[in-house]
Amino acid sequence: MKAQLWREEERMKDPVYRKLKAGYWRCPEASKASSDVCFATSVSPSGRRCAALMDWAGDQPGAFLAFFGAEIPEAKKIRHIKVSLIQPGETQAVKAFHAPFFSSDDLGMIMFAVASMDVLLKSIEDVQDFEVTHSGQTLIPGEWHIGHEARDYLTGCACARAH
């Protein structure tokens, strides 16, 4: 047991390991330069589940909160489903898109349309617990940390895109 604790203490000295263990936000510079898309992706500590905050401009604009991962059943095509979005102190029955994940046939994706980029930005908390259920089954359990990092990145991206 002491050897395991010592190994973990040694691993925690590595900043990459600490980042993976805590979960992190991926905010690619490429999306900042894009005229059409701003996005940030939260990767869970297990790596099995991700959350993405997105805003599209152009011909079909929209803001979305999306979850994808191994726990979400794969989808052959996009369809509307009713899910429960559970956050601290609040459960909402909402319509969502159940869609195939664009880069993997093994992952499903649940997407929530958000009224606007402004609404999306205002809803991002630094630490956010969430759960999404469908037909009594938990599809997405989790939480993210350092959400304000993602919010600040998306704000900068949207401002750069506006100019």
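Begin by selecting Cys-38 and Cys-157, which form a disulfide with their sulfur atoms 2.1 Å apart. Please note that this is a predicted model. View the pair along the S-S bond: the torsion there is about -90°, so the disulfide is left-handed. Next, colour strand E2 (residues 37–43), which holds Cys-38, and helix H5 (residues 147–162), which holds Cys-157; the pair therefore ties together parts that are 119 residues apart in sequence. Both Cys-38 and Cys-157 are buried. The count for the model comes to one disulfide.

Now select Cys-159. Its sulfur lies 9.2 Å from the closest cysteine sulfur, that of Cys-38, which is too far for a bond. Cys-159 is partly exposed, at 41% relative accessibility. Move on to Cys-50, which is buried with a relative accessible area of 13%.

For the largest pocket, select Leu-65, Leu-85, Gln-87, Val-114 and Ser-123, the lining residues that lie nearest its centre. The volume of this pocket is about 340 Å³. Strands E5 (79–87), E6 (90–101) and E7 (104–114) and helix H4 (117–123) each give two or more residues to its lining. By class, that lining has eleven nonpolar, four polar and two charged residues.

Finally, select Ala-52, Met-54, Phe-101, Phe-102 and Met-109, which lie nearest the centre of the second largest pocket. Its volume is about 270 Å³. Elements giving two or more residues to this lining include strand E3 (49–56) and strand E4 (62–69). How many charged residues does the lining of the second largest pocket have? There are no charged residues in it, alongside 13 nonpolar and one polar.

Methods: Residues are numbered from 1 along each chain as its sequence is written. This is a predicted model: local features need pLDDT of at least 70, side-chain atom pairs count only at pLDDT 80 or more; totals for chains, interfaces and linings use all residues. Side-chain values use heavy atoms; hydrogens and water are left out. A disulfide is a pair of cysteine sulfur atoms within 2.5 Å. Helices (H or I, at least four residues) and strands (E, at least two) are DSSP runs, numbered from the N terminus. Buried means under 20% relative accessible area, exposed over 50%, partly exposed in between (1.4 Å probe, protein chains only). On a 1 Å grid over the protein atoms alone, a cavity is a set of points where a 1.4 Å probe fits but cannot get out, and a pocket is an open set with protein on both sides within 12 Å along at least five of seven lines; lining residues have an atom within 4 Å of a point. Grid points are joined across faces, edges and corners, and a volume is the space filled by probe spheres set on the points. Ala, Val, Leu, Ile, Met, Phe, Trp, Tyr, Cys and Pro count as nonpolar, Asp, Glu, Lys and Arg as charged, and the others, Gly among them, as polar.
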